[in-house]
Amino acid sequence: MSDGTTTVNLDQVVLARTAQELAPFMEAAGLTNPVSIAINAYLLDDGTRRLLLDTGAGDLLGSSAGQLLASLVQAGYQPEQIDAVLLTHIHGDHSGGLLTGAELAFPNAELYVNALDANYWLNEANQHLAPAARQRSFANACRKVLPYQLAGRLHTFMAGGEVLLGVGTMAQPGYTPGHTYYTLPGTSPRVVFCADLAHLLALQLADPTIALVYDVDPDQAIASRQRFLAEASAVGYWLVAAHASFPGVGRVEAVGAGYRWQPLSPDKEAL
Ligand SMILES: [Zn+2]
């Protein structure tokens, strides 16, 4: 479901590329800087339990985002009905919706997150070592996740196995230490919620070596992206992407040295 959109200024976000170098990709995608990207989260309902995959931005990114609760209600659900929240990583546009004001937005939900992300973002020593540009992410991580920990609802896992209801996990380190994709049970070809495979889909699929200021380890992030894109295009995974135009469902196709996003709905433009 849609949390809305946010705007990204490429000059502030893309590492080691000039505007001139990015221009061909922008032109091919029909984009101009700054770029508007979608923020998507997803609900899994097996009839007995309801899992939310990511929570959108909450109050962290202004009024164009933070619409997940309204989308949830529009789809016929109340926040109290969410049994578990599974985060792909602890960035504000994915974990910001955990709270409404100071209250747990999902009061009956258990919260699951990769242990590597919890250990990184909820650790003051790491915050002291991090660059200035990442300080706000640390502050937001503590503000949004610690209330669940205090309530005894935070659960951590190592990626590679199943978390709940047959939902599997795939480690995708680099963007954040515990960046995790979720695979949906009983799907063939697999449906993978691939989170921030690309924060800027049009650029980072066309050239998977484009790194962003958000990458905690840019080289590792690029390696994870390249490995997954090769696998996803070869196997034909259905992908559900947090920042592709809503509803964010598509596949990737290898083109030259990069990849192209093929959205499920032919009338939807990919970002
Ligand atoms: Zn994101």
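1. In this predicted model, Tyr112 stands opposite His155 of strand S9. The two strands concerned, S8 and S9, run parallel and are joined by four bridges. They belong to an open sheet of five strands, whose order is S3-S4-S5-S8-S9 and whose pairing is mixed. At the edges of this sheet stand strand S3 (42-45) and S9, and because each has a single partner strand, one side of each is left without a neighbour in the sheet. From one strand to the next, the twist averages 25°.

2. A second open sheet has six strands, arranged in the order S10-S11-S12-S13-S14-S15, and here too the pairing is described as mixed. Its edge strands are S10 (168-171) and S15 (258-263), each of which pairs on one side only. Neighbouring strands in this sheet are turned against each other by 35° on average, if direction is ignored.

3. Helix H9, which covers residues 218-235, lies across S13, S14 and S15 and runs at about 100° to S14.

4. Turning to the chain as a whole, the secondary structure comes to nine helices and 15 strands. The radius of gyration is 17 Å, close to the 18 Å that the globule rule gives for 271 residues, so the chain is as compact as a globular protein of that length. Taken along the principal axes, the box filled by the C-alpha atoms is roughly 50 × 45 × 35 Å. Of the 271 residues, 44% count as buried, and among contacts between residues at least 6 apart in sequence, 67% join residues at least 24 apart.

5. Which residues touch the most other members of the largest nonpolar core? They are Val85 and Cys194, in a core that has 71 residues. Helix H8 (residues 201-206) gives the most to this core, with five residues.

6. Leaving aside neighbours within four places in sequence, Val85 is in contact with Leu52, Thr55, Leu98, Phe106, Ala109, Leu111 and Tyr112.

7. Beyond its neighbours within four places in sequence, Phe106 is in contact with Leu52, Pro79, Ile82 and Val85. Phe106 and Pro79 are 27 residues apart in sequence, yet their C-alpha atoms are 5.1 Å apart in space.

8. Gly160 is also a loop residue, placed between strand S9 (154-157) and S10. Gly160 is exposed, because 10 other C-beta atoms lie within 10 Å and the limit for that class is 12 or fewer. Not counting residues up to four places away in sequence, Gly160 touches Thr169 and Ala171. The C-alpha atoms of Gly160 and Tyr182 are 9.8 Å apart in space, and the two residues are 22 residues apart in sequence.

Notes:
Residues numbered from 1 in each chain as written. Predicted model: local features only at pLDDT ≥ 70, side-chain atom pairs only at ≥ 80, totals over all residues. Pairing = 2+ DSSP bridges. Axes fitted to C-alpha atoms, helices over the stretch in contact; angles between N-to-C directions. Contact = placed C-beta atoms within 7 Å. Rg over C-alpha atoms; globule rule 2.2 N^0.38 Å. Buried ≥ 20, exposed ≤ 12 C-beta atoms within 10 Å, placed from the backbone. Core = buried A, V, L, I, M, F, W, Y, C linked by C-beta atoms within 7 Å.
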